[in-house]
Amino acid sequence: MPTEVIMPKVDMDMAKGKIMSWHIAEGERVSKGDPLFDIETDKAAMEVEAPADGILYHTAPEGMDIPIGTPCAWLYAEGEEVGEQPAPFAGQAGAAPKPEPVAADVPNDTKPVEAELELVDAIAGDATGKVRATPRARSLASGAGLNIADLIGTGPRGRVQALDVENEIALRDTRPAQLAAPVTFKVETGALAVTRSKGGTGTPIVMIHGFASDAMSWAPVETHLKHRPLIRIDLPGHGKSPKLRIDSFADLVREVRRAFDDLGLETAHLVGHSLGGAISIGLADTRAKRLSSLTLIAPAGLGPDINGDALSGICRATRAESLGPWLRSLVANEDIVTDSYVRLAMAGREDANLRAAQSRLADILFPDGVQAFDLRAALERIDTPTRIIWGKQDAIIPWKHALRAPGKMALHLFDGVGHMPQIENSDAVGRILSASV
Amino acid sequence: MNMHSKTDLRELSYAEAIREAMDIAMVRDERVILMGEDIGVYGGAFGVTGDLVEKYGTDRVMDTPISELGGAGVAVGAAMTGLRPIFEFQFSDFATLGMEQIVNQAAKIRYMLGGAVSVPVVMRFPSGSGTGAAAQHSQSLEAWTAHVPGLKVVQPATPADAKGLLLAALEDPDPVMIYEHKILYKMKGHVPDGYYTTPIGKAAVMREGKDLTIVATSIMVHKALDAAETLAAEGIEAEVIDLRTIRPMDRDTVLASVRKTGRLVCVYEAVKTLGVGAEVSAMVAESDAFDYLDAPIVRLGGAECPIPYNPELEKAVVPQVPDILEAARNLARGRV
């Protein structure tokens with residue numbers, strides 16, 4: 001039996017990876033751990049290692065999108081007979097194509113939808129490939145025009161029950177857009193890197209990420225919000241934004257405000273996480289008339305305490321091994337930060353200038369591990385309808401800072417969630433957000 | 001405002017209610033006779049016939065020899081020739097000896113003779129466990145007779161239904177089997193005065209609820225009601241249905257309830273496998289109510305073994321209130 005070479009899941013919301021290049025040719029020998037191929041995800045490119053010793057055959061053509069968890073090549077043992085490709089690549093209809101150069105010319109854009117559907121089946125179904133659902137759930141789903149395979153079952157062994165369908169219907173009623181596909185963004189030019197979603201109507205939602213993060217951190221909640229135009233701003237020295245010189249928190253707010261003003265929005269819903277939450281408070285204090293709502297997720301600025309070790313640890317890390325432990329401190333359930341995810345995150349931090357810019361920013365905003373700016377007075381002044389969302393296992397900023405918010409603001413506190421509620425409990429956060437936008 | 005006389009609210013035991021039904025029937029219709037082992041001077045093994053022999057004499061309250069086959073045969077013959085016999089098997093377990101008369105004669109004669117003769121016999125079967133009477137005196141074999149076309153089979157759970165179903169059985173032109181639970185004989189309950197019948201083939205909704213349906217028979221109706229009380233305090237509203245008749249079964253009442261709640265537990269004392277619960281489950285699964293099910297159907301029935309003599313084991317082999325509670329909680333909370 002040849003060993004399958006599986007497309008790894010290196011990102012929490014990744015559905016498939018594109019084969020960029022194979023490091024070795026068909027018929028060549030590899031050892032376990034050797035670099036085998038490069039993949040590209042929405043976020044970055046990374047190298048995948050050989051899962052075993054063997055001789056490489058049936059490789060997926062370069063440029064092809066392969067759903068995660070499915071084979072993209074096979075490794076044969078010495079002397080093992082090499083026959084037909086054991087299975088077609090997932091997402092491909094019909095027989096397995098030979099990995100001939102012509103295959104690489106086939107436009108890959110025709111395949112992803114099928115690939116994603118298969119992936120959904122794999123998640124929702126059991127070994128038989130069938131969806132486990134009660135008759136009542138099926139009747140309700142069918143009556144509501146929902147595909148039972150799209151629903152997440154909360155019953156035993158993942159069974160879809162009536163409650164799951166009712167929740168989905170309730171959710172759909174408040175969120176007219178369908179959940180099917182991820183949101184796609186186009187890049188805008190300006191002082192800071194801004195990406196704007198291609199769909200959505202009504203009042204836009206502007207999202208500001210946290211320290212040492214980037215716009216991609218919103219991906220898990222975006223599907224809940226796609227009925228509105230989504231606008232994501234990368235902070236200076238983060239993501240694809242330029243590494244502007246920032247000497248104070250006020251400087252930072254000024255730069256983001258400039259980017260916000262450049263958007264030319266009449267009104268917007270503003271969502272900010274952590275440092276982005278603090279900046280959002282600053283924006284709300286000066287652009288109150290243009291905000292319809294404000295959502296602060298584990299915001300900075302409400303107290304002096306912050307986990308300075310984690311911030312400097314993340315800035316300092318030059319290898320996945322040193323970055324991993326700090327990334328895990330961001331979440332309550334460490335299992336969601338896989339080694340692959342850490343490697344991908346490190347790949348996004350390979351630029352030494354970016355790390356230096358963030359280190360410098362951390363020194364200015366959080367000297368000696370203390371939040372050097374206090375936004376409580378600003379928060380008191382805000383009359384925009386405001387929600388604060390926090391995880392009660394937040395190890396970066398204590399959730400009890402939330403209790404310093406004025407009584408007119410709504411608090412959503414989650415047990416078993418750390419500093420990243422929008423990732424750790426994206427469904428609940430998505431529902432809270434979609435209810436207020 | 002309705003004025004109730006005192007007698008309207010009087011209570012009788014289940015056994016007294018049966019005796020009253022027989023008494024009323026014997027006054028109303030001189031064709032009604034009682035037959036069975038030790039039902040005369042002794043008053044019946046469980047005292048159900050009591051002193052009726054003193055009132056009606058040994059021509060109408062007849063002790064039969066220790067031969068269930070013989071006694072049942074005489075009862076079937078008497079019914080065919082114009083009487084309305086009520087035959088008591090001392091223990092339902094002993095009806096195994098009379099099966100030829102029940103299954104091959106009583107159930108089939110009307111059919112085989114082209115409707116020329118009917119067999120309006122009523123048979124009473126003291127059944128069930130809980131008396132420490134062990135393997136040969138504690139069974140619940142109602143599904144045996146319920147499997148036979150031509151018979152009607154009822155399981156009254158309350159004194160009022162024990163009386164009403166017996167009087168209805170006497171009105172019926174065909175053989176009616178009445179399974180009475182021995183533990184219920186002493187249970188008291190309101191029994192209306194005078195003559196009335198409880199319709200055969202009609203279940204009773206004993207308690208309404210929206211979260212799950214518990215279909216129960218006989219003594220399990222009371223255990224289900226006990227459980228429903230506790231469940232209500234936990235915010236789970238169980239609908240409890242007393243099936244009352246198992247052949248013909250009240251399909252409409254059960255299906256309507258399952259359509260409402262989407263969850264079904266069947267509770268019966270007889271051995272679970274191939275029992276009444278299997279029929280109820282299949283009836284739901286084959287119907288349009290299937291589309292309303294939001295969880296697998298759960299059956300609680302007797303264990304796969306004879307009823308033990310040891311009192312603790314005797315309790316353990318049949319469903320008890322905690323078993324119903326656990327099943328209902330799991331079902332209502334989507335854990336099944």
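This is a predicted model: local features need pLDDT of at least 70, side-chain atom pairs count only at pLDDT 80 or more; totals for chains, interfaces and linings use all residues.
Two strands are taken to pair if DSSP finds at least two bridges between them. In chain B, Lys152(B) stands opposite Val176(B), a residue of strand 7, and strand 6 (residues 152-154) pairs with strand 7 in the parallel sense over 3 bridges. Strand 7 of chain B is also paired in the parallel sense with strand 5 (residues 122-127), in this case over 6 bridges, and within chain B the residue opposite Glu180(B) of strand 7 is Pro126(B).

Strand 7 of chain B, which spans residues 176-181, is mostly covered, with 6 of its 6 residues buried. Val176(B), Ile178(B) and Glu180(B) point one way from this strand, whereas Met177(B), Tyr179(B) and His181(B) point the other way, and all are buried.

A further part of chain B is an open sheet of 5 strands, arranged in the order 9-11-10-13-14 with mixed pairing. Its edges are formed by strand 9 (204-207) and strand 14 (298-302) of chain B, each of which pairs on one side only, and the twist from one strand to the next averages 25°. Within chain B, strand 10 (residues 212-216) and strand 11 (residues 238-242) are paired in the parallel sense over 5 bridges, with Val215(B) placed opposite Ile241(B) of strand 11.

Helices of chain B pack on these strands. Helix 8 (residues 219-233) of chain B lies across strand 9, strand 10, strand 11 and strand 13 (264-271) of chain B, and runs at about 170° to strand 11. Helix 10 (residues 276-285) of chain B packs on the sheet as well, where it touches strand 10, strand 13 and strand 14 of chain B, and its direction makes about 155° with that of strand 13.

Helix 10 of chain B is also approached by helix 9 (residues 251-261) of chain B, the two axes coming within 10 Å and crossing at roughly 65°. Because angles of 65 to 115 degrees count as roughly perpendicular, helix 9 and helix 10 of chain B are therefore described as roughly perpendicular to each other. The crossing of helix 9 and helix 10 of chain B is right-handed. From helix 9 of chain B, Arg251(B), Val254(B), Leu255(B) and Val258(B) meet Val280(B), Met283(B) and Val284(B) of helix 10 of chain B, and the residues of this contact divide into 6 nonpolar, no polar and 1 charged.

Turning to chain A, 13 helices and 16 strands are found, and of its 437 residues, 44% count as buried. Among the contacts in chain A with a separation of 6 or more, 65% are accounted for by residues 24 or more positions apart. An open sheet of chain A consists of 4 strands in the order 1-8-6-3, with antiparallel pairing; strand 1 (3-6) and strand 3 (29-30) of chain A are its edge strands, each pairing on one side only. Strand 1 of chain A is joined by 4 bridges to strand 8 (residues 71-76) of chain A, the two running antiparallel, and Trp74(A) in strand 8 is the bridge partner of Glu4(A).

The two chains also touch each other, in a contact that takes 10 residues from chain B and 10 residues from chain A. By class, the side of chain B that touches chain A comprises 5 nonpolar, 2 polar and 3 charged residues.

Key. Residues are numbered from 1 along each chain as its sequence is written. Chains are lettered from A and ligands numbered from 1 in the order in which they are written. Two residues are in contact if their C-beta atoms, placed from the backbone, lie within 7 Å. Ala, Val, Leu, Ile, Met, Phe, Trp, Tyr, Cys and Pro count as nonpolar, Asp, Glu, Lys and Arg as charged, and the others, Gly among them, as polar. Axes are lines fitted to C-alpha atoms, for helices over the stretch in contact, and angles run from 0 to 180 degrees between N-to-C directions. A residue is buried if 20 or more other C-beta atoms lie within 10 Å of its own, exposed if 12 or fewer, and partly exposed in between; C-beta atoms are placed from the backbone. Angles under 35 degrees count as roughly parallel, over 145 as roughly antiparallel, 65 to 115 as roughly perpendicular and the rest as oblique. A crossing is left-handed if the near helix is turned anticlockwise from the far one by less than a right angle, and right-handed if clockwise.
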